[in-house]
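Here are my notes for a colleague who is opening this structure for the first time. Please read them with the model on screen.

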Amino acid sequence: MNARLALLGTVAPGVAESEVFRLALQHAVGELGALGGMIHLRGPMSALRLVSTTGLPPALTRRWEIIDQEGPLAPARALHEGSGVWVPLSPSGTVGTIGTVDTPDAGWPGTGLAALPMRNGHRSTGALTVLMGDQGEPAPEHWEFLRALIVWAEDRMVQAPPPIGPVLPEQNSGRLRQALKEVSVGSWDWNIRSGDLIWDDAALELYGTRPQDFTGKVECWMRCVHPDDLAPTLAAADRAIIDDGVFEAEYRVRKLDGTWGWTQARARVTYDENGEPHRMIGVGWDSDEPRSARDALGRALRHMSDGFLAMDDDWRITFANVEAERTLGYSEEELFGRLLWDLPAAEQVPGLEIRCRQAATAEKSVSFDVRLPNGRLCHLRLVPGPDGRTIYFTDVTEKRRLEEERRSAERAASERAARIAELTAALAKATTSKDVVDAVARRVLPPFEATGLVVQAVEGDRLHTVGSVGYPADVLAVLDGRERTEPSPLWDAILAGAPLFMSSRQEFIARYPEDAELPARAGKQAWALLPLTASGHTFGICAVTFDHPRRLTDEERTLLTATSALVAQALERARLFDAEHTRSRELQRSLLPRDLPALPACTAAARYLPAGQGMDVGGDWYDIIPLSGGQVALVVGDVMGHGLPEAATMGRLRTAVHTLADLELPPDEIMSHLNDIVGAMGEESYVTCLYALYDSTTRSCSIARAGHPPPALLHPDGTVVFPPLSADPPLGAAEPPFETTEIQVPEGSVLVLYTDGLVESSKREMDEGMAALADVLASSHTDGTAKDLEHLCERITAALLPADHQAADDAAFLLARLHALPTSRMASWPLPDNPRAAGQARALIRDQLAAWGLDALTPTTELLASELVGNVIRHARGPLRLRLLHGADLICEVFDGSLTMPRIRRATETDEGGRGLQLVTALSQRWGTRYTPTGKCIWTEQAVRGESGAADPLEGMFLGVAGLGEDFDGDLDGLGFGDGEL
């Protein structure tokens, strides 16, 4: 509401009444959301004349042109009661019937008329009426707005230009009489009491009315008068009646051809024996031709935007226009004949009289600025002439302020140009999307006094935030993911491909009422939404926002639009880099273990830290490989360089290590095979690797390395050592055999495997980095951080690779807390090298599993051991040994002195053997073989589902086998289970 009233306040005084009425109605209807509106003016009789409408069709308003001001209609009631009235409309009836309550057609529930009176001083002059829709009676604040609007209209009506132009000095009564002789004069007689009106033929022609259309009522004349001229003409008639004076007026009337023509009228009022006005008798004549010359000069001078004063030779004022009246604080009547120097405004301007008299004496025009008492700055121009002097003065306060602002803007533009140059340079260096957003935040927001930035990209039919500055997380959550179909200023700017500027919160809410709460939540009050277009494709939006109302100049808008083009080009390049970088990182992650296995032999944590910005995918890797017999392999390696070839090499080697480790080869043989693989790749490959094999049953760790830094070992007492290992050359350049070093590891020790990127850089030698790593490990034991390997990883990263340090090489490290299998969970027995070994094995297994509480696994374990022992007795040689390991799983191992490995073969229906290893495969979770220093080991693994065990699927199935006891010699061939082929 305040915004509308402020907007109306900018309307300059002196506009025509019709324009005043039009503006008042448009803003009343717009603010109340009404269907339409109308203004009636009061006539001298009991009639109201419709002078302006908006939003209402002619078919409706035609019957409202003249209404009874004493009747029940809303405008008449407002005029009669002197206050606002609300007239609800019933759901039936017809619109526009005079004398009945106005009712629209059926089906308009909730509609009604809201009307307020209009005044001129203490006298009511008319009424403003709005037709409300189904929202019902206006709210109190709407009534208050209508009253303020009427006050504004009444003020502008007083200041509206009169229909009669200024009378020039040479227009005297003699000339008027001469003019009357040359025109046709019509006479009229108006009965003030009854409203009857008599026109002669000349009057009918003068007022553009056909005889058949003349009603004989004063309303007929009111319909002919121009709306702008009706109010002052009626006011002049009222004054003549009240003051017993002469009625004189000049106004426009509608001619028969539909055009408007000027007429003049003069009349006298007659009174009855009681002194009450009875009749007004007068004449009227056409005044178009003499009027045109007076209008051209009078209106030009009277309403020109500059102040204008005309003075005689004695400096007495003979004419003053509206602007001069406003500036000097007097009306033209008060100024006429006064000496210029006697005016307070002139007296308070130092040196004004002297300068004006000097210019008049020299008969030269002069111009200068003067400061008025009210603080305004005026530019005054004095023009001497033969018949007097004229002074033109213009308020240049705003102009001078704008000039100063323009100079300031030019300086600011120069500064912004420098910043744009800096922005261009910064965007040229930007690599990632984050770099682009940071460059815009640093180089664009400050010169425009902006406080917020959001950069979003189109992904499918949604917007996703690339980066932001000055926005809370909850607002970004609302903006992120907006679909194309949702109303959004960001989508509107993208789809239009043109910038969108909103200068205030009210403008935002008016455009997007569904997001009315968003500006307050974000703390923003102005927006510059700049589409990002590159290569002819709009792919995103850059929103520059302000925490205060901000109307950007055309120059600023152009500059922001040009800036958005630079940002779009840089962001497109950055997004391509980001996409490539993301693919590289995804490849890197896919080549590394996603999750480290949870093993009884060790608890582990690891980190991979890519190189600094601009680096491609690297070749560092780590791995944990569970093996049989409570063993685990710990591996770390580094393919030198960055790029997809190095990553591919790393993936091949990691796969090769897995394959070789599954063959249960010793560390030195695995290194030899890896050396052959790398050597076959060519001289370009440079690979380092460290392989550690830990046996939880013996707490021994066998380590082999090729050109790799030695591991660090944190003992339970806090001591940190780097085991002395032989320095074999990198893979591909080494000459096998590789050296293997075996160390004993105390229970709970932490083994740290790492690549050189963790301890070595351009600013730090490897020895310094290893010493720093040892310090971190020792201090972590002191303060207890080492108990949590994840926290220890974070501490190592923060100490050796801080976030603000751009590393030149990738870094990977693996922490493994090594655990020993308790002796109480291990059992080992030698067996005789004869057929009775199977029976002894079953008996030993029954007793040991009973001691461990695993009775439910006894039948299956006996069967598996019998099959393995039977195979050894038949196909291998001693010494023969049985071992059981009770960890997370139950492991049954049979050792012999032969290097020949068993293999599974497919048995036919007529074969008596060949099904033994198929049975082992079916009954065990997994099984395998490995070489030992004296031969080989065949092992099986069964899941342990609780200390009490679970029902064995073979229980009851092989009771006969279990009951053989010592009488069974271990050869199960007769049952079809005993043949394990070699």
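1. Start with helix α4, residues 74-81. Its buried residues are Ala74, Pro75, Ala76, Ala78 and Leu79. Buried means under 20% relative accessible area, exposed means over 50%, and partly exposed lies in between (1.4 Å probe, protein chains only). Helices (H or I, at least four residues) and strands (E, at least two) are DSSP runs, numbered from the N terminus. What do the buried residues of α4 pack against? They pack against β1 (36-42), β2 (48-54), β3 (66-67), β4 (85-88), β5 (112-120) and β6 (123-132). Gly82 follows α4 and has a positive phi, near 75°.

2. A word on the source. The model is predicted, so local features need pLDDT of at least 70 and side-chain atom pairs count only at pLDDT 80 or more, while totals for chains, interfaces and linings use all residues. Residues are numbered from 1 along each chain as its sequence is written, and side-chain values use heavy atoms, with hydrogens and water left out.

3. Stay with strand β6, where Thr125 lies. Thr125 counts as buried because its relative accessibility is 13%. It touches His40, Leu41, Arg42, Leu79, Met118, Arg119 and Asn120, not counting residues up to four places away in sequence. A contact means heavy atoms within 4.5 Å. One of these partners, Leu79, is also among the buried residues of α4.

4. Next is Trp143, in helix α5 (residues 140-159). Is Trp143 buried or exposed? Its relative accessibility is 9%, so Trp143 counts as buried. Leaving out residues up to four places away in sequence, Trp143 touches Gly84, Val85, Trp86, Ala114, Ala115, Leu116, Glu137 and Pro138. Val85 is 58 residues from Trp143 along the chain, and their C-alpha atoms are separated by 9.9 Å.

5. Look at Arg4, in helix α1 (residues 2-9). Arg4 is partly exposed, with a relative accessible area of 26%. Its contacts, not counting residues up to four places away in sequence, are His27, Gly30, Glu31 and Phe145. Arg4 and His27 are 23 residues apart in sequence and 7.0 Å apart in space, C-alpha to C-alpha.

6. Ala409 lies in helix α15 (residues 397-429). It is partly exposed, at 32% relative accessible area. Glu556 is 147 residues away along the chain, yet the two C-alpha atoms are separated by 9.9 Å.

7. Check the backbone next. Most residues other than glycine have a negative phi, and most peptide bonds are trans. Glu363 has a positive phi, near 50°. It is found in the loop between α14 (352-362) and β14 (366-371), and is exposed, with a relative accessible area of 67%. Glu449 has a positive phi too, near 55°, and is found in the loop between α16 (433-443) and β17 (452-459). The peptide bond from Pro736 to Pro737 is cis, with omega near 10°. Pro737 sits in the loop between β28 (720-721) and β29 (741-744).

8. Now the second largest pocket, of about 620 Å³. Of the 27 residues that line it, the closest to its centre are Gln631, Asp695, Tyr931, Thr932 and Pro933. The elements that give two or more residues to the lining are β25 (687-695), β26 (700-706), β33 (880-886), β34 (889-896) and β35 (926-932). By class, the lining has twelve nonpolar, eight polar and seven charged residues. Ala, Val, Leu, Ile, Met, Phe, Trp, Tyr, Cys and Pro count as nonpolar, Asp, Glu, Lys and Arg as charged, and the others, Gly among them, as polar. A pocket is an open set of points on a 1 Å grid over the protein atoms alone, where a 1.4 Å probe fits, with protein on both sides within 12 Å along at least five of seven lines; lining residues have an atom within 4 Å of a point. Points are joined across faces, edges and corners, and the volume is the space filled by probe spheres set on them.

9. How many disulfides does a search of the whole structure find? It finds zero, where a disulfide is a pair of cysteine sulfur atoms within 2.5 Å. Cys356 is buried, at 1% relative accessible area, and Cys602 is buried, at 2%.

10. Last, the whole chain. It has 30 helices and 36 strands. Buried residues make up 49% of its 982 residues.
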